Amino acid sequence: MTKKSGKGLGRLVRAFGWSRAGLREAFVHEAAFRQELLLCAVLLPLALYLGRSGVEKGLLAGSVLLVLVVELLNSAVEATVDRIGPEEHELARRAKDMGSAAVFVSLLLLAAVWFLVLFF
């Protein structure tokens, strides 16, 4: 399916619809996304409560939201690799492992930011 960009408000409305569909697909088909969304539901209010300044609140909340962004990109990579074919291939394994590593690094960043903001 080709998605034409168009112009103006119509393009913005269509882009919002595609984004909403992507979030829905991730929620329905990706258990990790649902788990991280639950983590987000717990940590975002805490970020706003525990942050002492706007910068701290932004760092805490941003590190949580970054995990969701990286998980969405990882899920997109996995879906694309799976679409190409079910057979084992070194490059497919590498792509999936790198996507998983990116999620892991984003979780490490979340932990580091929370530790540094809350304890230093």
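This is a predicted model: local features need pLDDT of at least 70, side-chain atom pairs count only at pLDDT 80 or more; totals for chains, interfaces and linings use all residues.

Me: How do α3 and α4 run, roughly parallel or roughly antiparallel to each other?

Reply: Helix α3 covers residues 54–84 and helix α4 covers residues 90–119, and they pack at an angle of about 175 degrees. An angle over 145 counts as roughly antiparallel, so that is how α3 and α4 run relative to each other. Their axes are 9 Å apart.

Me: What kinds of residues make up the contact of α3 with α4?

Reply: That contact has 19 nonpolar residues, along with five polar and five charged ones.

Me: And what about α2 against α3, at what angle do they pack?

Reply: Helix α2, residues 31–50, packs against α3 at about 170 degrees, with the axes 8 Å apart. α2 is therefore roughly antiparallel to α3. By class, the residues in this contact are 16 nonpolar and four charged, with no polar ones.

Me: Which residues meet there?

Reply: On the α2 side they include Phe-33, Glu-36, Cys-40 and Leu-44. On the α3 side, Lys-57, Val-64, Leu-65 and Glu-71 are among them.

Me: Let me zoom in on Leu-65. Which residues is Leu-65 in contact with, leaving aside neighbours within four places in sequence?

Reply: Those are Cys-40 and Leu-44. Leu-65 itself lies in helix α3.

Me: How does Leu-65 count in terms of accessibility?

Reply: Leu-65 has 40% relative accessibility, so it counts as partly exposed.

Me: How far apart are Leu-65 and Glu-36 in space?

Reply: Their C-alpha atoms are 9.3 Å apart, while in sequence the two are 29 residues apart.

Me: Okay, changing topic to the whole chain. How many helices and strands are there?

Reply: The protein chain has four helices and zero strands, and along the sequence the pattern reads α-α-α-α. The radius of gyration is 17 Å, well over the 14 Å that the globule rule gives for 120 residues, so the chain is more spread out than a compact globule.

Me: What does the C-alpha trace span?

Reply: About 50 × 45 × 20 Å along the principal axes.

Me: What share of the residues is buried?

Reply: Buried residues come to 24% of the 120 in the chain. The chain exposes about 8,500 Å², and carbon and sulfur atoms supply 70% of that area.

Me: Last one: of the contacts between residues at least 6 apart in sequence, what share joins residues at least 24 apart?

Reply: That share is 60%.

Key
Residues are numbered from 1 along each chain as its sequence is written. Side-chain values use heavy atoms; hydrogens and water are left out. Axes are lines fitted to C-alpha atoms, for helices over the stretch in contact, and angles run from 0 to 180 degrees between N-to-C directions. Helices (H or I, at least four residues) and strands (E, at least two) are DSSP runs, numbered from the N terminus. Angles under 35 degrees count as roughly parallel, over 145 as roughly antiparallel, 65 to 115 as roughly perpendicular and the rest as oblique. Ala, Val, Leu, Ile, Met, Phe, Trp, Tyr, Cys and Pro count as nonpolar, Asp, Glu, Lys and Arg as charged, and the others, Gly among them, as polar. The radius of gyration is taken over C-alpha atoms; the globule rule is 2.2 Å times the number of residues to the power 0.38. Buried means under 20% relative accessible area, exposed over 50%, partly exposed in between (1.4 Å probe, protein chains only). Contact means heavy atoms within 4.5 Å. Accessible areas come from the Shrake-Rupley method with a 1.4 Å probe; for residues, only the protein chains shown count as cover.
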